[in-house]
Amino acid sequence: WGISNTAVMADATVSRLVDAAQSGDRSHVEAQCLAATLLGGNLIGLAEKAANSSTNREKIRLVHVTAAEIEKLVPQITELAMAVCDNPGNKAAVKQLNVLAHSWADKIQVLAGALDS
């Protein structure tokens with residue numbers, strides 16, 4: 001995986017998701033939400049395997065806390081992306097989607113960093 005590749009994938013996923021939501025194309029939004037879910041889920045699975053074989057308590061804690069935060073963000077992002085899709089002119093919703101999506105990407109990078117260490 002590598003943290004730099006994961007950072008690029010996370011940023012690209014966020015960009016495509018926000019663009020899809022602003023385009024009003026519901027099927028594209030659904031596809032991008034699925035891509036974010038899969039990327040996060042795959043990384044969480046790898047990180048939890050690594051944490052289970054680690055003796056570093058801080059790393060284990062970091063993985064579990066970050067994984068839980070990612071899992072909590074995905075449904076919020078999905079719901080907000082659909083709301084933006086339905087009303088792309090809602091600047092407050094677009095801004096909030098950007099904030100949540102970038103928070104998700106940041107947490108993906110933290111998880112990737114835990115894997116690299």
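**Entry 1: the loop serine**

I started at S54, where a polar atom of the side chain sits 3.0 Å from the backbone nitrogen of N56. I call that a polar contact, meaning a pair of N or O atoms within 3.5 Å; within protein, one must be able to donate a hydrogen and the other to accept it, and residues adjacent in sequence count only if both atoms are side-chain atoms.

Ground rules for myself: this is a predicted model, so local features need pLDDT of at least 70, side-chain atom pairs count only at pLDDT 80 or more, and totals for chains, interfaces and linings use all residues. Residues are numbered from 1 along each chain as its sequence is written, and side-chain values use heavy atoms, with hydrogens and water left out.

S54 belongs to the loop between helix 2 (26–52) and helix 3 (57–86). Helices here are DSSP runs (H or I, at least four residues), numbered from the N terminus. Is S54 buried or exposed? I find S54 buried, at a relative accessible area of 19%; the cut-offs are under 20% for buried, over 50% for exposed and partly exposed in between, with a 1.4 Å probe and protein chains only. Leaving out residues up to four places away in sequence, S54 touches K59 and I60 (contact: heavy atoms within 4.5 Å).

**Entry 2: helix 2 against helix 3**

I get an angle of about 175° between helix 2 and helix 3, and their axes are 10 Å apart. Axes are lines fitted to C-alpha atoms, for helices over the stretch in contact, and angles run from 0 to 180 degrees between N-to-C directions. The pair is therefore roughly antiparallel, the label for angles over 145 degrees. Among the residues meeting across this pair are V29, C33 and I44 from helix 2, and I70, A81 and C85 from helix 3.

**Entry 3: the cysteines**

How many disulfides does the structure hold? I count zero, taking a disulfide as a pair of cysteine sulfur atoms within 2.5 Å. For C33, the nearest cysteine sulfur is that of C85, 9.4 Å away. C33 is buried at 6% relative accessibility, and C85 is buried with a relative accessible area of 6%.

Notes: Helices (H or I, at least four residues) and strands (E, at least two) are DSSP runs, numbered from the N terminus. Angles under 35 degrees count as roughly parallel, over 145 as roughly antiparallel, 65 to 115 as roughly perpendicular and the rest as oblique.
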